[in-house]
Amino acid sequence: GQVGGQVGGEIGGQIGGQFGGQLGGQPGSDVVPFDSSRMRAVPMPGNKPIEYTREALEAHVEGTMLLRCTITTTGEVTNCRILKPVPHMEKQVLRIVQSWRYQPVLFEGKAVNTDMLFTFRLVAR
């Protein structure tokens, strides 16, 4: 019924498929955007603070660094992407943030993978 369609195909898609699904996705692997009005991201005790690198201190760099990371259903911080860098701090911030752990983020009573924006105001001292 569709140009380029296949004889015997299903109208609207494949049996068992999901509209908008991800090829190769795993059950429960969807990432929900973080919504601070309905979700809480609670850090676990013992997460290390961000420390300045020697190079950043010597260069007196300061600024706001933005990362977008996934908090998994087990509380791990993964898949971090730098949205706004601060010179000499990128690797350090990524290393520390990806070592952090959180309580699982709940959405409608279930632990979910969530994509969260991290904002750091870095000030040399």
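Author: Start with the surface. The chain has an accessible surface of about 9,000 Å², and 53% of that belongs to carbon and sulfur atoms. Keep in mind that this is a predicted model. Buried residues make up 27% of the chain's 125 residues.

Reader: What is the secondary structure of the chain?

Author: It comes to two helices and six strands. Along the sequence the pattern reads β-α-β-β-α-β-β-β.

Reader: What makes Cys69 and Cys80 a disulfide?

Author: The cut-off is a pair of cysteine sulfur atoms within 2.5 Å. The sulfur atoms of Cys69 and Cys80 are 2.2 Å apart, so the pair qualifies. By this rule the count comes to one disulfide. Cys69 lies in strand 2 and Cys80 in strand 3, so the pair ties together parts that are eleven residues apart in sequence. Both cysteines are buried.

Reader: Why is the disulfide of Cys69 and Cys80 called right-handed?

Author: Look at the torsion about the S-S bond. For Cys69 and Cys80 that torsion is about 115°, so the disulfide is right-handed.

Reader: Why is His88 called partly exposed?

Author: Buried means under 20% relative accessible area, and exposed means over 50%. His88 has 44% relative accessibility, so it counts as partly exposed. His88 sits in the loop between strand 3 and helix 2.

Reader: Which residues does His88 touch, leaving out those up to four places away in sequence?

Author: They are Thr53, Glu55, Ala56, Ala59 and Val61. Tyr52 is 36 residues from His88 in sequence, with 8.7 Å between their C-alpha atoms.

Reader: Which residues of helix 2 are buried?

Author: In helix 2, residues 90-97, they are Gln92, Val93, Ile96 and Val97. Seen down the helix axis, these buried residues fall within an arc of 115°, so they line one face of helix 2. An α-helix has 3.6 residues a turn, so residues three or four places apart point the same way.

Reader: What do the buried residues of helix 2 pack against?

Author: Strand 2 (63-71), strand 3 (77-84) and strand 6 (113-122).

Reader: Which members of the largest nonpolar core touch the most other members?

Author: Leu67, Val97, Trp100, Phe118 and Phe120, out of 24 residues. Strand 2, strand 3, helix 2 and strand 6 each supply at least two residues of this core. Beyond four places in sequence, Trp100 touches residues including Ile50, Val77, Phe118 and Phe120.

How values were computed:
Residues are numbered from 1 along each chain as its sequence is written. This is a predicted model: local features need pLDDT of at least 70, side-chain atom pairs count only at pLDDT 80 or more; totals for chains, interfaces and linings use all residues. Side-chain values use heavy atoms; hydrogens and water are left out. Buried means under 20% relative accessible area, exposed over 50%, partly exposed in between (1.4 Å probe, protein chains only). Helices (H or I, at least four residues) and strands (E, at least two) are DSSP runs, numbered from the N terminus. The arc is that of the directions from the helix axis to the C-beta atoms. Contact means heavy atoms within 4.5 Å. A nonpolar core is a set of buried Ala, Val, Leu, Ile, Met, Phe, Trp, Tyr and Cys residues joined through side-chain atoms within 4.5 Å. Accessible areas come from the Shrake-Rupley method with a 1.4 Å probe; for residues, only the protein chains shown count as cover.
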